[in-house]
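Reader: I would like to know what stands behind the terms used for this structure. Please set each one against its definition.

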Amino acid sequence: MLTIKEKIAEIKKKIDEALANVKFTKSLYEIKMKFMGKGGEVSDLSKSMRDVAPEDRPEVGKQINELRCWADGKFGELDEKLKAEELERKYAEEKIDVTMPVRESAEGAYHPNTLIRNELVSVFSGMGFEVFEGPEIENDYYNFTALNTPKDHPARDMQDTFYLSNDLLLRTQTSAGQIRVMENKKPPIKILSPGKVYRSDDDATHSPMFSQMEGLVVDRGITLCDLKGMLDEFAKKIFGEDVKTRLRPSYFPFTEPSVEVDVSCFECGGKGCRLCKGTGWIEVLGAGMVNRRVLQGCGIDPDEYTGFAFGMGIERIAMLKYGINNMKLLFEGDVRFLKQFKD
Amino acid sequence: MKAPLSWLKEFVDIDVTAEQLQEKLFDCGFEVEELTYVGKDISGVVVGEVIFCEPVEGTHLSLCRVDCGDKGTFQICCGADNVKKGIKAPCALIGATVYATAKDHVTVEGVMTIKKGKLRGIESDGMLCSGAELGVNGDMYEGGDYCGLLILPDSCKNGEDVKDILGLNDYIFDIAVTANRPDCQSILGIAREIAAALDKPVKQPDLSYTQNAGVCAPVHIRDEAGDLCPRYIGHAVGNVKIAPSPAWMKRRLALCGLRSINNIVDITNYILLEMGQPMHAFDMRTLGGRTIIIRRANDGEKIVTLDENEFTLNGENLVICDESKPVALAGVMGGLNSEIKDDTAEVLFEAAKFARDNVRKTARALGQHSDSSAIFEKGVYEYTTERAMKRALNLIEKLGCGTVSDVHADICPAGKPAGRKMQCSISKINSLLGIEVPADEITGILKRLNFGVNRRGDLLELDIPEYREDIDGYPDIAEEVIRMYGYKHICGTFLPSASITNGGYNAAQKAELRLKEKLVAAGMYEISTYSFYSEKDLDMLRLPADAAERKAIKILNPIGEDLSLMRTTLAPSMLNVITRNQRRGNAEGKLFELAKIYIAEELPIKNFPEEKPTLCMGIWGNYDFFDLKGCIERVAKALNVKFDYAPSQKPYLHPGITAEISCEGEIIGYAGQVAPTVAGELALEKPAFIAELDYAALSAHAKPFKYNPLPKFAVATRDLALVCGKDITCAQIEKEIYGACKYVTDVKLFDVYAGEQVGEGKKSMAFTVTFTPADEAIDERIDGFVKKILNNLKFKLDVQLR
């Protein structure tokens, strides 16, 4: 019969042997259970305490305890080591090639015109502008006469018009909408009028259909400085905080004085580059103080009220902002083009 | 319009550089679209005197020694036929740049740099030049057209740069003139603006001449169309000697791109450029009865113009006639029959004002445009008309090409325009501008612009220059002031006095945006296509002749047939986009367009048509009908409505895969697969699906969203596998299930099977039915509900539980 001491030594030896080749935590747990679990060899040893003489019991108990501590340490140490190894193997197995293509979820996009239009509306609606959309098929009165462009006026040549009848035509400018608003609404007026317009022009930079955004303000005491102030704000919000505007004289029948508005080139900061053709400035819109005759025609007293109007081509702004080189692309509906506008 | 700097300098003392002048013009409203330095490509060319010249045996070449003064004497091998000892010619030194010409010695092929070279083994240290090689033609410099050397006068100093001699140190301003300033379509008009901008006086052209009696017999002028010709001045010149014009005149015409013809014709062109008044000269011997009649053309009347084109006229066209025939197309071009010939001895000059829109209409209708019509279309002022005639007669004397007679007629049916006056206040000008321009500055600017100015305190009494018909009210004066004072003085303010207004989109506009947002979120791309298409596009859809879509509004003046009809359906545009995408190898896509269609009450169109916003969706690729239906359901969700689908037919859609869509009983659109026949014709490789919804009608059904309280009790679901006849639709069964039990809140098909196991002519459909309790638990009652549902199905549709 082996003494307790011998038994302990033997168990220690068995444990050492059993653990020598363990590779997985799973086998480690099995071994641990075999020795330490219920009915395991160490537990059996504890049970054999009852066969020990009472005076020897403290000493034997101490030895068994030491065995337990030793074994726990052994198992714990190895467990930690194996866990680390297993984790490493798992990581190695799960490694992926992060450069592989994405799994795409369906995503659509707005037309660039819609993006620009929304951006413009958000800038100006913050300043109190409502949005009014007039008809695309207009008559001569709204498109020309009411805008101070009588029949023999050479300005009619500035825009080649598509006619549908003697009187009806495809509007050449969203300014036509101004009149409809002023006929029905008294000052203060602040409206934006976005929409499609049509001119008989078709080349790389012109399209027979394009979009404009017109702005109109009529109130007491409106000045050219107010126009400049509002356009400064517009330029900053749309093209960037550092962008400046410049007014230069021009002519539109429905405004007086009339101006072309340039913004400092947002590409080169005004130093001159390809985008601004070396001038440092980019023409973005036409504007002016509403002509007295236009106000009068709409039943607004031009001695009491003044106003300004501005109009810009939405495609032009989109082309400038996104660097689109050909206007035709906007109307072709090529998905490779459309996909790029996920703003 | 083109304005040479040298010509402008005749009228105003310009003491700034061409570039500075360009900027000044820009600031006051005249954009210089192009500033060209005439001698931009020529450098290093000096006067050379041929001091030795001997032919090279067996070649067409001559070996020369050329004395270039302080530049040295060079051996040059020259192939020109007019080279000889003693002549002076432009000599391009080594390193000089000149134009390279083609074999014809005329066509310029580019700019070349002269290098030391050998011709037939003989060293040549430069090149003697022709006019073409220096960019000079015969009008710009005598002898410039000759294909040999350009011979320079003996008075030229050897070694002197030729650019001054040939007039190459000059600039041409190509200026954009806005439509309100027809008075600036001339050298003099631009000079007036420059004078104002530089604060210099204008030197007026010489208008003096002497009338001589007994030179010409009387001429009768009758204006029968005063509305189209408010002013007509005629003056006869006798003893005409047709000859070439002097060099200075030829050169100026050439710089502006006009060819010299002869002295009389050149005078009319010169005045067109100088004063902006188109003129015409008739050979008096061709005018039957020494009579000029201004009238509307008779229908079918014919005229052959100077460029030998024949036109058939009508009552819309204004013509200048003698007693029997038209001799000019008023304002556009003279007739060949009254052309100035080499032996013309008596001339009638015409200076007139024609109605601008009539000239425009005639020029357009006949496709006959000229420098003259371009000016008349924008407008001429009678002030200029009068002065132009005087200037023409002055030039007759100056050129010595005829005797100015006393035969003069001046027709102005409505009377001569009187000088216009106006009053305006300085404070009003400033209140429009928003800045305080000092009163002295304002009066100074207006005086520089030739306004007569009388200031009384705040009030300005103004005499408007006779050539400024555009001045209409105080805002015009404000514009004159600010464009000269400088827009840089305008500083931004932010409506300090305006009322507060509430901005943003209205409800309908927001709804439209929300719809687009939902469709984009569903993976669709928004497109924008032209509002017009052609008959061919409707043919592509195989629409019958009486289809509603065929009742399209026609554009009277389309760019081409392809863009000639206002669209009545968005389908062709979408189909074209899908086709284009497939041709470009784009394997799949989901697109939508929200745009208007145009529906006329009657054709031809008389009243404003209806502009109906319409939503079109198109998908292609590895999709089927139900992918498209999914997109359509997004629309229903966005508007909070329910759509019903029923089988339907469209000429361009698959007869078995087409649905009519309705909302609350109203048909609002259709959806389906593009018919294989149409797809085949378009060579579509992937199936395409199209839906079109009447957005205007739809938005009337849209409902606001409301929150539904959450049910207090859990929902219960049951799966029912049913067997029915193969023609029973999913919608029929759904309807019966909903109808059988008020607790049913959702019915979803999850499987369809047809085959042996269910028998011939039958199919199996499996549904998940959701029951949502209201106020009490219904768990125990559900078996009863299911029983009722099944009974109903059996009774109504002969559907069995499988």
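**Contacts, helices and strands**

Author: The contact between the two chains takes 80 residues from chain B and 70 residues from chain A. Two residues are in contact if their C-beta atoms, placed from the backbone, lie within 7 Å. This is a predicted model, in which local features need pLDDT of at least 70 and side-chain atom pairs count only at pLDDT 80 or more, while totals for chains, interfaces and linings use all residues. Residues are numbered from 1 along each chain as its sequence is written, and chains are lettered from A and ligands numbered from 1 in the order in which they are written.

Reader: Which helix gives the most to the side of chain B that touches chain A?

Author: Helix H12 (residues 474–485) of chain B does, with six residues. A helix here is a DSSP run of H or I with at least four residues, a strand is a run of E with at least two, and both are numbered from the N terminus. By class, the side of chain B that touches chain A has 38 nonpolar, 25 polar and 17 charged residues. Ala, Val, Leu, Ile, Met, Phe, Trp, Tyr, Cys and Pro count as nonpolar, Asp, Glu, Lys and Arg as charged, and the others, Gly among them, as polar.

Reader: Why is H2(A) called roughly antiparallel to H4(A)?

Author: Helix H2 (residues 25–36) of chain A packs against helix H4 (residues 57–94) of chain A at an angle of about 165°, with the axes 9 Å apart. That angle makes H2(A) roughly antiparallel to H4(A). The cut-offs are under 35 degrees for roughly parallel, over 145 for roughly antiparallel, 65 to 115 for roughly perpendicular, and oblique for the rest. Axes are lines fitted to C-alpha atoms, for helices over the stretch in contact, and angles run from 0 to 180 degrees between N-to-C directions.

Reader: Which residues of H2(A) and H4(A) meet?

Author: Among them are A:Leu28 and A:Phe35 in H2(A), and A:Phe75 and A:Leu82 in H4(A). The contact residues divide into seven nonpolar, one polar and four charged.

Reader: What makes H5(B) and H6(B) oblique?

Author: Helix H5 (residues 247–255) and helix H6 (residues 263–275) of chain B pack at about 50°, with their axes 10 Å apart. H5(B) and H6(B) are therefore oblique to each other. The contact is made by B:Met249, B:Arg252 and B:Leu253 of H5(B) with B:Asp266, B:Asn269 and B:Tyr270 of H6(B).

Reader: How many bridges pair E35(B) with E37(B)?

Author: Strand E35 (residues 716–725) and strand E37 (residues 762–771) of chain B pair in the antiparallel sense over ten bridges. Two strands pair if DSSP finds at least two bridges between them. Two bridges join E35(B) to strand E38 (residues 800–801) of chain B, also running antiparallel. B:Thr717 has B:Thr770 as its bridge partner in E37(B), and B:Leu722 has B:Leu801 in E38(B).

Reader: What makes E1 and E2 of chain B edge strands?

Author: The open sheet of three strands has the order E1-E11-E2 (chain B), with antiparallel pairing. Strand E1 (2–4) and strand E2 (31–37) each pair on one side only. The twist averages 25° from one strand to the next. E2(B) pairs with strand E11 (residues 171–176) of chain B over six bridges.
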